[in-house]
Amino acid sequence: MNRMRARFVVLHLTVLALLIVLGVRLYQVQIVRGKEFVADATETRTRAVMVPALRGQILDSAGRPLVRNLTRLVVSVDRTQMERMPHAGQEVLEKLSAVLGTPVAKLRERLRSCGPGVSRPCWTGSPYQPIPVDDRVTQREALTILERQEEFPGVTAEIQALRDFPGGSDASQVLGYLQPVTQEELEKRQGLKTSFSGVDLVGRDGLEAVYDHQLRGTPGLRRVQVDRMGKAIGVEQQVPPVAGDTLITSIDAKVQSIVEKALADAMKKAPQADGAAGVVLDVRENRVVAMGSVPTYDPKVWTGGISEKEYQTLLSEKAGKPLVSRAIKGTFAPGSTFKVSSVSAMVADGYPINGIYDCPGSYMVGARPFNNFRGIGLGPMNLHTALVKSCDTIFYRAAYEMWQRDGGMQPKSNAKDPMAAMARAYGFGKLTGIDLVGESPGRIPDRFWKKELWAATRKTNCTRSKTGYPEVKDAARAAFLKQLAYENCLEGFQWRPGDAANFSIGQGDVLVTPLQLANAYAALVGDGKVRSPRIGWALIRPDGTSAKVIEPPVIGKLPIDKKTRDYIRNALSEVASDGTAAGAFGGFPMDKVRIGGKTGTAEVYGKQDTSWFASFAPTKNPRFVVVVMVSQGGMGGSAAAPAVRQIYEGIYGLTGQPPALPAGHPAERLPVIGPDGTVKR
Amino acid sequence: MSAPITRIRKRSLASRAIGTDAVVWRMDGVLLVAVAALCTIGTLLVWSSTRTWAAVEPTGMLKKHLLILCVGAVLCGLVAMVDYRRLRAYAPVAYAAAFALLALVITPVGSTVNGSHSWIMLGGGFGLQPSELAKPALILLLAMLVSEPAEGTDRPRPLDVTLALLAAGLTMGLVMLQPDLGTTMVLTVITASVLIFAGIRKRWIALVLVIAVVAAGFVWFAGLLQPYQVARFTAFMNPASDPRGVGYNATQSLIAIGSGEVYGKGLFEGGQTTGRFVPEQHTDFIFTVAGEEFGFLGALTVVVLLGVVLVRGITIARQCDDRFGALVAAAIVCWFAFQTFINVGMTIGIMPITGLPLPFVSYGGTATLANMISVGMLQAIHSGRRT
């Protein structure tokens, strides 16, 4: 038995050794590395869920919603989780398909990421977010999914707020739209990085983009305890979300609607028109009362994922690029509406304001005759009549004389360029700084600009001056182009007298946006100060207190005195009754509201004229500036002016309809928002 | 020299159970208390890990576990009352019965649960795993076969050893057919321990070791292992290689235990347990619940209690002056020690994942019964010793 006893001793020692090994290892795991595993445990056991804050509404100046929230039951699918399942979650998707009545293939389409070769419907957002596959589910469908979570791993149904637009397509380019946050944006935004919410949408255009931060609010955090299957079994930590601020705008929904209708009607009346824009400004504060651009679109297409067809339509030339706001991005030659700047330049340059100027049918600018409209001479007149009748030759002469005083083809180093300087003082050629994205600065051409253009185009021009334009069929046209190329090659860097003459009547290379023009007129008929226009008026916190009142900043002052401004305003006050817009305003009750303005008919090579009417009312103490531009609309008096008339009729209620603004002026006080979100007017 | 035989007076079962010289008073108290404590802790852990199950009511598994423990306790008591020398006579019967049940598993009567074709379903949610019963049965048979030393030596006769190997081989063969690698390993340990303590020569031990290594190599390289078994081993060598797949169990198990720290999160308060992150937590991974909810102190208590059982078993074996009794006790100790070390070791990442339950703590019907019967045998050997 001794051998057995010896072996028992070995067994005894072995058992003790093994137990000690276990004990030491336990000590190492639980005490030495305990903290590390506690952290690991928290990570595996809990899931941080961003609770999206309710996005703030966008209201008009009377507190009417322009953009509001609708709550919908949305079903989302976590793609990462799907991909981990056998056959990429085919079984789950089949079950989901049965509940929602959507084919599995359709669900799959919405789950794939957009990218080269993958057209919409596809997911533009982060692949780590749950992807909404249906935003119009019924309570029953949602409950089916929520109650049988084991059967639907990775699928959630939750109440989400969707953007709703009570005004339909009204002001759609101004309001902008939301799109899922992209992976890059997500990584830039620290706060969103851990987000697992499928509603992380970002404002992509318009007010939604500019005020995105304020409208968004602060998302809440819910640290949810989950089990192995990812099913939530409790809440560990909860930070409630703070809803976004409400944005009150100076837009009046009724006026906006009138503008949209006027623009649409103008498009209908001018058969070749391919776009139109209208801007209504509050003269006193330079706030935007309405801003429209047609063709337009219904922003509802963005909600719940846009289809490839719809998306392409929005971008297509054929549909008139309805995403683009022509009011701020469309640049056109302003035509005669620009003469207010030229008159101001003349006066500022020493031309007597009450002087008499000859308006011949044609004026020789250098070696080339520049004609009046239709070549008709109107005889001697003052500047007042020059504006009312829209004489061109007076401005050609002034521009030519100024050009000569600046040194002509050998410009002085300190050339004054009075016309260009005045145009810039009116805010042309640079951004107005409105609270929208994608604004165009337009163009105020001058010597410097010519030089740059020449440097950029010299090579082509010089080649063409030798080779000509054999591909152009019209022989006369080809010869003209060849001559032009030759001149441009030789002296294209020169600011020639013709350039100066064209500039003076808003032709040639001058380009402005409808908003710039409206802004310039507001400065002219207002207090002479140039302001950066604003659409946002105030930001109101969810509890009803004011977070911020947005004031349109003064960015410049017109370098002309009040006398000159009043003179020009008085001249423009006769345009609608006795001048170039008299036809469009025939029968208009000028005794009730007198309208002032200036028509513009800008020639565009190979296209119909751009039709403009820049106006203000009432003429005595202007409260509104209304500018309408109809691209390829023809004469200013025939396309744009009637649209402007329609807008004033709506604002003041002159055609039997109740007035859109009964007070006769834009809202002067902010609507009061109660803590419960109700609006007191 | 032949083993002395004590004549036992015929007495009623009741008087043997509770009489003044009843078995219960002669039992090893420390062993009894340690086993009872382990069973109590195990019951709490089983409750904690199964109360969140969706399929059964919160106390459903707890009740089943308690019922099994009651049956186990009765069996333990009954076996403890038997004179262990009489067990020797029952050995062939027990072995034949276990063997028959094992064979039955291979027939269509057997059922597959969790990928292991090792069950005979009894209905009512209860099943029988004959491979568990084979463990004590094989111990008895092997101990019987080799306890008679060769004339003039204290080493077993070669014929007996051959027979023992044959019996063990047949049993393991049937278990391998299921296939159940874990139980096969336990049966190997049992066979080896009986032979070693029976006094076979060191060179035989060496030979057996060499054969074991060669066999393991053959099994590994001939591709006899299931892919999941290979993967488990790979995952053990490098748990990070596949944290969502095979390494998942190992990783989650470590997280659960490690996050318990010194004092644990408290019964029912373990987030990893409540979230059921560790698979098979009420059976093979029950130790993770102890680690998470009772902390280092609790987990160490479980290890110490198991150590007490093992050490008492060794003491019982040493104090037994009968070769058969000593061999049975030693084999039981080796079996428990092996299962304890493998099971706890795998949950704390020092052993590969193997489907072996933790004695007295894990939920498991037949395994618990086999454990309790074996404790009964230890008690019988203890109380039957000549003092």
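# Exercises on a predicted two-chain model

In this predicted model, 33 residues of chain A are in contact with 39 residues of chain B, two residues being in contact if their C-beta atoms, placed from the backbone, lie within 7 Å. Residues are numbered from 1 along each chain as its sequence is written, while chains are lettered from A and ligands numbered from 1 in the order in which they are written. Because the model is predicted, local features need pLDDT of at least 70 and side-chain atom pairs count only at pLDDT 80 or more, whereas totals for chains, interfaces and linings use all residues.

**Exercise 1.** Find which element gives the most to the side of chain A that touches chain B.

Solution. Start with the elements that give two or more residues to this side: α1 (2-32), α2 (34-45) and β8 (220-226) of chain A. Helices (H or I, at least four residues) and strands (E, at least two) are DSSP runs, numbered from the N terminus. Next, take the largest contribution: α1(A) gives the most, with 18 residues. Last, sort the side by class: it has 17 nonpolar, six polar and ten charged residues. Here Ala, Val, Leu, Ile, Met, Phe, Trp, Tyr, Cys and Pro count as nonpolar, Asp, Glu, Lys and Arg as charged, and the others, Gly among them, as polar.

**Exercise 2.** Decide whether A:Leu146 is buried, exposed or partly exposed.

Solution. First locate A:Leu146: it is found in helix α6 (residues 139-147) of chain A. Then count: A:Leu146 has 15 C-beta neighbours inside 10 Å, so it is partly exposed. The C-alpha atom of A:Leu146 is separated by 9.0 Å from that of A:Glu158, twelve residues apart along the chain.

**Exercise 3.** Check the span of helix α18 (residues 447-467) of chain A.

Solution. The expected span is 1.5 Å times one less than the number of residues. For the 21 residues of α18(A) this should be 30 Å, and the end C-alpha atoms are 28 Å apart, which agrees. α18(A) also has a kink of about 60 degrees, centred on A:Thr457, where the bend at a residue is the angle between axes fitted to the seven residues ending there and the seven starting there. After α18(A) comes A:Gly468, with a positive phi near 75 degrees.

**Exercise 4.** Work out which strands stand at the edges of the open sheet in chain B.

Solution. The sheet has three strands in the order β1-β2-β3, with antiparallel pairing; two strands pair if DSSP finds at least two bridges between them. β1 (110-113) and β3 (126-128) of chain B each have a single partner strand, so they stand at the edges and one side of each is left without a neighbour in the sheet. β2 (residues 116-123) and β3 of chain B pair over three bridges, and B:Ile120 has B:Leu128 in β3(B) as its bridge partner.

Terms used
Buried ≥ 20, exposed ≤ 12 C-beta atoms within 10 Å, placed from the backbone.
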